Amino acid sequence: MEETTIYYRFPDGSVAERIITGGDGAVPPPGGAVEITEEEYRAALAAIEEQIEQERQEQQEAEQARIKADYDALRALGVPEETARRLTGYTGPDDPEES
């Protein structure tokens with residue numbers, strides 16, 4: 001049986017592919033979706049993946065900033081460096097004051 005791949009874009013910007021086996025390939029699109037070309041699908045998918053990676057990186061940077069702020073606050077209260085690192089998970093450079 002022959003396979004046909006159809007690509008769709010949904011109103012929310014997400015994309016999907018559908019593989020049809022047999023038949024004439026004439027299948028109505030899922031609710032609200034419009035058919036797009038494979039090139040449009042691949043470009044949209046790459047853009048979505050890039051956005052996801054950027055958001056992941058931003059979240060990671062924000063988490064590292066929070067950890068550093070917690071570490072700095074503990075150090076400012078006089079908590080020993082080793083303890084502050086263990087409590088916060090901070091793994092950055094040593095305190096300049098300690099060097």
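This is a predicted model: local features need pLDDT of at least 70, side-chain atom pairs count only at pLDDT 80 or more; totals for chains, interfaces and linings use all residues.
Local features here need pLDDT of at least 70, side-chain atom pairs count only at pLDDT 80 or more, and totals for chains, interfaces and linings use all residues. Residues are numbered from 1 along each chain as its sequence is written, and side-chain values use heavy atoms, with hydrogens and water left out.

Reader: How many salt bridges does a search of the whole structure find?
Author: A salt bridge is counted where a side-chain nitrogen of Lys or Arg lies within 4 Å of a carboxyl oxygen of Asp or Glu. By this criterion, the number found in the whole structure is six.

Reader: How far apart are the closest N and O atoms of glutamate 38 and arginine 42?
Author: Both residues belong to helix α1 (residues 38-76), where four residues, about one helical turn, separate them. Helices are DSSP runs (H or I, at least four residues), numbered from the N terminus. Glutamate 38 and arginine 42 form a salt bridge whose closest N and O atoms are separated by 3.2 Å.

Reader: Is arginine 42 buried, partly exposed or exposed?
Author: Buried means under 20% relative accessible area, exposed over 50%, and partly exposed in between (1.4 Å probe, protein chains only). Arginine 42 has a relative accessibility of 41%, so the class is partly exposed.

Reader: Which residues are linked in a network of salt bridges?
Author: Arginine 66 and aspartate 70 meet in a salt bridge at 2.7 Å, N to O. The linked residues are Glu63, Arg66 and Asp70.

Terms used. Helices (H or I, at least four residues) and strands (E, at least two) are DSSP runs, numbered from the N terminus.
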